[in-house]
Amino acid sequence: MVDVSKWPLFSLLSTEELATIRQACVFGTSANEAIYITHSNEVFAFGLNNSSCLGTGDSLSTIVPKKLDFLRGKNVISLSYGSGPHILLATDDGQMFAWGHNGYSQVGNGTTNQGLSPVLVTANLQNKKVREVACGSHHSMALTHDGEVFAWGYNNCGQIGSGSTANQPYPRKVTGCLQGKTSVGITCGQTSSMAVIENGEVYGWGYNGNGQLGIGNNGNQLTPCRLTGLQGLCIQQIVSGYGHCLALTDEGLLYAWGANTYGQLGTGNKSNHLSPVQIMADKERVVEVAACHSTHTSAAKTQNGQVYMWGQCRGQSIVIPHLTHFTNTDDVFACFATPSVMWRLMSVEPDDFLTVAEALRKEFDSPETADLKFSVDSKYIHVHKAVLKIRCEHFRSMFRSQWTEDQQEVIEIGQFSYPVYRSFLQFLYTDTVDLPPEDAIGLLDLATSYCENRLKRLCQQIIKRGITVDNAFTLLSAAIRYDAEDLEVFCFRFCVNHLTQVTQTGAFWQVDGAMLKEFISRASRCGAFKN
């Protein structure tokens, strides 16, 4: 669990106030400002209030959190901050709000007047819904639901992507090489911009003095330019530091490029890299990377939950990823970044929920308190009827008097394997699933049979994170068989992006002819076989 009290600013809040927090972000040149959202969707801000970045309607600092009534009831899905600072915030209904430092029109309201309070940004965004926001030092970006990228504000190095260096007072659609492409992610360095499109390609523009665009040279780019150094890779996540970038592929490989004064690339030295270079190749699969434009710190989390940090860490230059005791990348920034800002809008799990989960977790498969046993592959799993009835509609129906199972003390299960069925029952106690991707296919089958939609989504997530060239076609077949549309699209794209390698696996040639024909036809329509 992420503990916001690790950030010194939150030590000002009482235990009761901390318990209300659902999301939080610490920002500012000295990490002296914070915004948080409660479980009831009320937004509060407190701290130094440089450039009126708290949005409280004045420029006064406050150690007592002030409520931002204008944002009351808004469900926040994305938040980012600049160096002024200025703030961008997006809500689940697609609205975007901005306030704070506005010397370069980075608030997007057409003026350079300071934004004392949140304002709705609508210019050039009519009928558009914003899903993600990103801030550089003094420029802004927004990603819409239909995959368009908009940019505005300071443009001295071309970071707006307009083809010139003139500042942009309103949101402007980024075109050029992005025209007609669907973007799925955005990030900003201090004066650079990056976008990932749906096929995993990466484009960058703006300042490139340290090679942070990754295009093989250090010349600024006034329009989007593709990173050819990532050719053949499908990028899933990209983050920007002050002058460096980290990119994570769909196979869990990590690449870095740009400035390396503090070892933030993790290459073992302090030499800048103008093109992407793979790091942590000797570590297990990476599932998350972290960086933000106001620090020179990098972090990554692996598949088994190990967290590494490198770069500028409390004044030290760590040039090789260092294994920490942390359980999440957020704690790296709380304890070691300078300033100790948050690299993203952080979500906080409520304590009372975890307490209930731990209590149930302790009693799962406990013979002492159980009143029912399942026998699977001649092994027993001990459970509690009441818990199963509360948690699962299938068991609510089973434990009615007209079902014979309602009178049994031991229920035989033959349709599913022991690891799969035990994992399903454990999910009902813990809300978590811990299975390798291959077993998750069986659990996906069970979730489909029992109409457990949330479990179905978790299985799809496990399968996505565990997809490789060797198992991709097997997972695609399973997704089709169990009618998991989102997973099917993901696996299909992975197979197309790694077509040569996938077609050389045994799984590809073991499928039935009808599915093979359908895949080839579908891949052809996507242009997979064009020269």
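Student: At what relative accessibility does Arg391 count as partly exposed?
Tutor: The model is predicted, so local features need pLDDT of at least 70 and side-chain atom pairs count only at pLDDT 80 or more, while totals for chains, interfaces and linings use all residues. Residues are numbered from 1 along each chain as its sequence is written, and side-chain values use heavy atoms, with hydrogens and water left out. Buried means under 20% relative accessible area, exposed means over 50%, and partly exposed lies in between (1.4 Å probe, protein chains only). Arg391 counts as partly exposed at 31%.

Student: Which side chain meets Arg391 in a salt bridge?
Tutor: A salt bridge needs a side-chain nitrogen of Lys or Arg within 4 Å of a carboxyl oxygen of Asp or Glu. For Arg391 the N to O distance is 2.7 Å. The partner is Asp431.

Student: How many residues apart in sequence are the parts tied together by Asp431 and Arg391?
Tutor: Helices (H or I, at least four residues) and strands (E, at least two) are DSSP runs, numbered from the N terminus. Arg391 lies in helix α4 (residues 385-391), and Asp431 lies in the loop between α6 (418-430) and α7. The pair therefore ties together parts whose separation in sequence is 40 residues.

Student: How many salt bridges does a search of the whole structure find?
Tutor: Some salt bridges share partners: Glu42, Lys67, Asp69 and Arg72 are joined into one network this way. The search of the whole structure gives a total of 20.

Student: In which helix is the Arg493 that pairs with Glu198?
Tutor: Glu198 and Arg493 form a salt bridge, with their closest N and O atoms 3.3 Å apart. Glu198 is partly exposed at 38% relative accessibility, and Arg493 is partly exposed at 40%. The pair links distant parts of the chain, 295 residues apart. Glu198 sits in the loop between β14 (192-197) and β15 (202-206), and Arg493 sits in α10.

Student: Is Asp282 buried or exposed?
Tutor: Asp282 and Lys283 meet in a salt bridge at 3.3 Å, N to O. Lys283 is partly exposed at 27% relative accessibility. Asp282, at 65%, counts as exposed.

Student: What is the nearest side chain of opposite charge to Arg285?
Tutor: Lys and Arg count as positive and Asp and Glu as negative; His and the chain ends are not counted. Arg285 lies in the loop between β20 (273-279) and β21 (286-290). Arg285 is buried yet has no salt bridge. At 6.3 Å, the nearest side chain of opposite charge is Asp250.

Student: At what distance does the side chain of Arg285 reach the backbone oxygen of Ile467?
Tutor: A polar contact is a pair of N or O atoms within 3.5 Å; within protein, one must be able to donate a hydrogen and the other to accept it, and residues adjacent in sequence count only if both atoms are side-chain atoms. The backbone oxygen of Asp250 lies 2.6 Å from a polar atom of the Arg285 side chain. The Arg285 side chain reaches the backbone oxygen of Ile467 at 3.0 Å.

Student: Which residue of β23 is the bridge partner of Ser298?
Tutor: Two strands pair if DSSP finds at least two bridges between them. Strand β22 (residues 297-302) and β23 pair in the antiparallel sense over 5 bridges. They form a hairpin with 4 residues between them, where Gly305 in the turn has a positive phi of about 95 degrees. The partner of Ser298 is Trp310.

Student: How many of the 7 residues of β23 are buried?
Tutor: β23 also pairs in the antiparallel sense with β24 (residues 316-323) over 5 bridges. In that hairpin, with 2 residues between the strands, Arg314 takes a positive phi near 50 degrees. Strand β23 (residues 307-313) is mostly covered, and its buried count is 7.

Student: Which residue just after α9 takes a positive phi?
Tutor: Helix α9 (residues 472-481) is mostly covered, with 7 of its 10 residues buried. Among them are Phe473, Leu475 and Leu476. The buried residues of α9 pack against helices including α7 (437-449), α8 (453-465) and α13 (513-525), where contact means heavy atoms within 4.5 Å. Just after the helix, a positive phi of about 55 degrees belongs to Asp483.
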